[in-house]
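This report describes selected secondary-structure elements and their packing. The sequence and the structure are shown first.

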Amino acid sequence: MPYPQNISMASQVEEIVRANGSVPATVGIIEGKVHIGLREEEIKFLATSKDCVKVSRRDLPYVISQGLSGGSTVSGTMVAAHHAGIPIFVTGGIGGVHRDGESTMDVSADLTELGRTPVAVISAGIKSILDIGRTLEYLETQGVCVSTFGDSRDFPAFFTPRSGYKAPYHVQNEEEAARLIASSLELGLNSGVLISVPIPLENASSGRMIEEAIHQALEEARKEGIVGKEVTPFLLSRVNEKTGGKSLDSSILICIERVKLLLSFLNGTQDIALIKNNAGVGSRIAVALSKIQKPKGGGRKELRHRTKSEEQMSDSRPVVIGGINVDFIAKAARDKMEFGGQTNPGQVHQSFGGVGRNLADCLSRLGVRPLFISAVGQDDLSDSVFRYCSHMDMKGVAHLKGHNTATYCAVISGSGELILGLGDMEIHQQITEKHVSQFAGRLRSSRLLCIDGNVPVSTIQYVCEVARRSAVPVCYEPTDIDKASKPFTSNSWTALTYLSPNIKELLAINRTLGYVEDIDIPCKLEDIVDMAISLSLPLLENIHCVIVTLGAHGVLLCGHRRDRTVSLRAEDKVLRDDLCAVHYPAAPIPPEEIINVSGAGDSLMAGLLTGVLAEYDTDTCVRMGLLAARLSLRSRGPISQLISPISVSLQQVTEKWPPPRVWSVSPSNGKTILQTRH
């Protein structure tokens, strides 16, 4: 399918899946990694790349080992779906036994995959250019349960609702289809189910015209000596020529079979009818299946072999605990604003924020996908939250009746600076110790816990105590000056591993601990860095690393030395008196390109922590954070949708950056400049 129609089609199909109550997970292979759920920029990468390959089960080891990119066939996608625990896969159509297959032995790997992988495939049948009768026989030999969807057992052939062959069974609606799939899974047959959905009659092309064109093309292929895998592309080309392109009007599956990303040659409203129909039916079956598989009356789910506690303890993904807001961002057209009742020209838009949500969002976009624990109300705003955050693990978000989803209104100057913020945040107090303790197993097994200042003090104390007992690293995001000191009102702060304040929040923390009185914050960068180092020193007796965000000036790391930089790995053995501070300047961004600063600090921390989890060196971790922050500064929302493992990658980090400056720090005598590193 030509660009950019392919991207448009992918977006439409995913929206149909969402509208029918399911979460879309488009599959592809990017730079040697199987991606189950593609972000917008990843779909664009595959849609525009000239070097993508077709990836079946056979090809997966080579493609992954060579770091290649491509689209997965039905068999390749079934492998990925099964590994991810996804029971339903919607595609255009499956491969089959090729004509003259009894001589050439040309049989699609899709058929054998259906015989050994327990994933239900929803398709529009088998291409007429294949031997449909022999394909159905082969599926029977493989033990695959084949059913049509609707009132008839007539097996469809993509662009026509009837192929002339009968399917063994048929299911009349989504509930019957779901029961069929559930029965197959419960029996543990380890084979798939094929449910074929006929194209709606009003969208079907003239089957007879296309069949005649196919037979003519087959005769031409025979005369020209074209056999084996070369037959299919030859027939597709000839049939399209002979029908004047009309075969593509409803046979979108021909090209979907080639790309395997639910994309095809689509040029009008009729063209997308078949794929819309498949996506809608498949996602509704998925909803019906999820209802069947839910335990009822507190009973144990039959397909589950481990208890909830055991499942929690086996999951080491990070956990983020914090606030989630619906943000209304008002950005002035001019930098200078008038106050006193005047209306300032500008633009207002809605986005989704909250420090905890921002952090979980950015980590998810970077491939980490933490469990997010928070609370929202049962209102219209919460519905929009869950739709927008469908790429995140939201199982820890409480949906509370009688409470409002948190809202925040920010007024931003023309240059992107935050002028005023107003918030209705009462529901954050419902992120209680009782709610969080439901996920105690996940907290204990996690590689990293992140908590923001929006949650109650008692919850912070509980999380810190769990982390202390289980030796789990904890990152604390102070959120703002008023909330920064919550862990520091008790000894909870001694369990923290990472702290990420700005200079004002760092000063507030020191005041709470009684280390300093009120101090004016200087204007010059050198003086700000001096103050940040001095304020961080007493905290480093317990905290592994203090990460001071300096806005447009970058970030300052204060911690324990490893080689010639600050150690970010909490398990590193470091000397408590060997301290170091490193200032990383941010890459300059023209002021006119800065749209929103509200999520830059959260993006920085998410990028940095992603690097820590991947065990990268400190320089790489920090620059991943700076890259993510730079993308979010140019975004209307707090977290840029362009953030991904591709846009924030090792290759991107190698670009030229301003050199960091390193200080050797003495706890008793202050600091001395050591050197500038290039």
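## Basis and terms

Two strands are taken to pair if DSSP finds at least two bridges between them. Helices (H or I, at least four residues) and strands (E, at least two) are DSSP runs, numbered from the N terminus.

The model is predicted: local features need pLDDT of at least 70, side-chain atom pairs count only at pLDDT 80 or more, and totals for chains, interfaces and linings use all residues. Residues are numbered from 1 along each chain as its sequence is written, and side-chain values use heavy atoms, with hydrogens and water left out.

## The four-stranded sheet

An open sheet is formed by four strands in the order S12-S11-S15-S16, with mixed pairing. Its edge strands, each pairing on one side only, are S12 (346-353) and S16 (418-424). From one strand to the next the twist averages 15°; angles run from 0 to 180 degrees between N-to-C directions, and axes are lines fitted to C-alpha atoms, for helices over the stretch in contact.

Strand S11 (residues 325-332) and strand S15 (residues 407-412) run parallel and are joined by six bridges. Within S15, Val-411 stands opposite Ala-330. Helix H16 (residues 380-388) packs on the sheet and touches S11, S12 and S15, where contact means heavy atoms within 4.5 Å. The direction of H16 makes about 75° with that of S12.

## Helix H19

Helix H19 (residues 457-470) has 14 residues, which at 1.5 Å a residue should span 20 Å; the end C-alpha atoms are 20 Å apart, so the two values agree. The expected span is 1.5 Å times one less than the number of residues. Thr-459, Ile-460, Tyr-462, Val-463, Cys-464, Val-466 and Ala-467 of H19 are buried, meaning under 20% relative accessible area, with exposed over 50% and partly exposed in between (1.4 Å probe, protein chains only). The buried residues of H19 pack against strands S10 (319-321), S17 (449-452) and S18 (474-477), and against helices H17 (433-437) and H18 (440-445).

Ser-470 also lies in H19. Ser-470 has a relative accessible area of 27% and is therefore partly exposed. Its C-alpha atom is separated by 8.6 Å from that of Leu-443, 27 residues apart along the chain. After H19 comes Ala-471, with a positive phi near 55°.

## Helices H20 and H21

The axes of helix H20 (residues 503-513) and helix H21 (residues 525-536) cross at roughly 35° and come within 10 Å. In the contact, Ile-503, Leu-506, Leu-507 and Asn-510 of H20 meet Ile-528, Met-531, Ala-532, Leu-535 and Ser-536 of H21. The contact residues comprise seven nonpolar, two polar and no charged. Here Ala, Val, Leu, Ile, Met, Phe, Trp, Tyr, Cys and Pro count as nonpolar, Asp, Glu, Lys and Arg as charged, and the others, Gly among them, as polar.

Five of the five residues of strand S20 (residues 545-549) are buried, so S20 is largely enclosed by the rest of the structure. Cys-545, Ile-547 and Thr-549 point one way from S20, and Val-546 and Val-548 point the other way.

Strand S19 (residues 498-499) pairs with S20 in the parallel sense over two bridges, and Tyr-498 stands opposite Cys-545. S20 and strand S21 (residues 555-562) run antiparallel and are joined by five bridges; the bridge partner of Val-548 in S21 is Leu-556. S20 and S21 form a hairpin with five residues between them, and Gly-551 in the turn has a positive phi of about 60°.
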